[in-house]
Amino acid sequence: MVNIDDFVKRLETILDYYGINASSFADRIGVQRSSMSHLLSGRNKPSLDFVMKILEVFPDVDLYWLLNGKGNFPKSTDEISIPKVISNSEIENSVSPTLFNEDFTGADLFSEISYKGENIEETKKNDVEKKSFFSSEEKEIEKIVFFYKNGTFKVYAP
């Protein structure tokens, strides 16, 4: 759980580091000034959206430092990295681990189960629709967020 008082102190550290006031900080990350004021006074807790906006606009801010005080601010240059974008062919060629000693060799886990009497043309049409849904040609990934059971999360921005 994030301690709100410590979070506010770290937020003030960010403001001092960049030499900006709360109003201009709110403007830069795209939140209302009143939201920033309520947060600094301890009235409100930071939302996930608020934290994500800080990380997007200020890449020197470390997520774990901001939330828990662990890590460094500003990040060292070797910690700031752009994750590798994985192509569809790399995903298709990768090997997934099996769980509980189950053997799934040769099975296509993402295909639909064929029932007796199902029309083959309908199956092909469904396959084309699935491929277009997962096609990355018309869609661009903005960010990927992993949420962990212990309440933490990790953000990757391609």
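This is a predicted model: local features need pLDDT of at least 70, side-chain atom pairs count only at pLDDT 80 or more; totals for chains, interfaces and linings use all residues.
Q: Which residue forms a salt bridge with Glu56?

A: Lys143 does, and the closest N and O atoms of the pair are 2.7 Å apart. Sequence separation is worth checking too: Lys143 sits in the loop between α7 and β1, while Glu56 belongs to helix α4, so the pair links distant parts of the chain, 87 residues apart. Lys143 is also partly exposed, at 32%.

Q: How many salt bridges does a search of the whole structure find?

A: Three. Another one is Lys53 with Asp49, where the closest N and O atoms are 3.5 Å apart. Both residues lie in helix α4, four residues apart, or about one turn of the helix. Asp27 also forms a salt bridge with Arg33, at 2.7 Å between the closest N and O atoms.

Q: Turning to the interior, which residues of α4 are buried?

A: In soluble globular proteins, nonpolar side chains tend to be buried together. Here, the buried residues of α4 are Phe50, Val51, Met52, Ile54 and Leu55. Their cover includes α1, α2, α3, α5, β1 and β2.

Q: Which residues touch the most other members of the largest nonpolar core?

A: Leu11, Ile14, Phe25, Phe50, Ile54 and Val61, out of 24 residues in that core. Helix α4 supplies the largest share, five residues. Leaving aside residues up to four places away in sequence, Phe50 touches Phe7, Leu11, Phe25, Ile29, Val31, Met36 and Leu39.

Methods
Residues are numbered from 1 along each chain as its sequence is written. Side-chain values use heavy atoms; hydrogens and water are left out. A nonpolar core is a set of buried Ala, Val, Leu, Ile, Met, Phe, Trp, Tyr and Cys residues joined through side-chain atoms within 4.5 Å. Buried means under 20% relative accessible area, exposed over 50%, partly exposed in between (1.4 Å probe, protein chains only). Helices (H or I, at least four residues) and strands (E, at least two) are DSSP runs, numbered from the N terminus. Contact means heavy atoms within 4.5 Å. A salt bridge is a side-chain nitrogen of Lys or Arg within 4 Å of a carboxyl oxygen of Asp or Glu.
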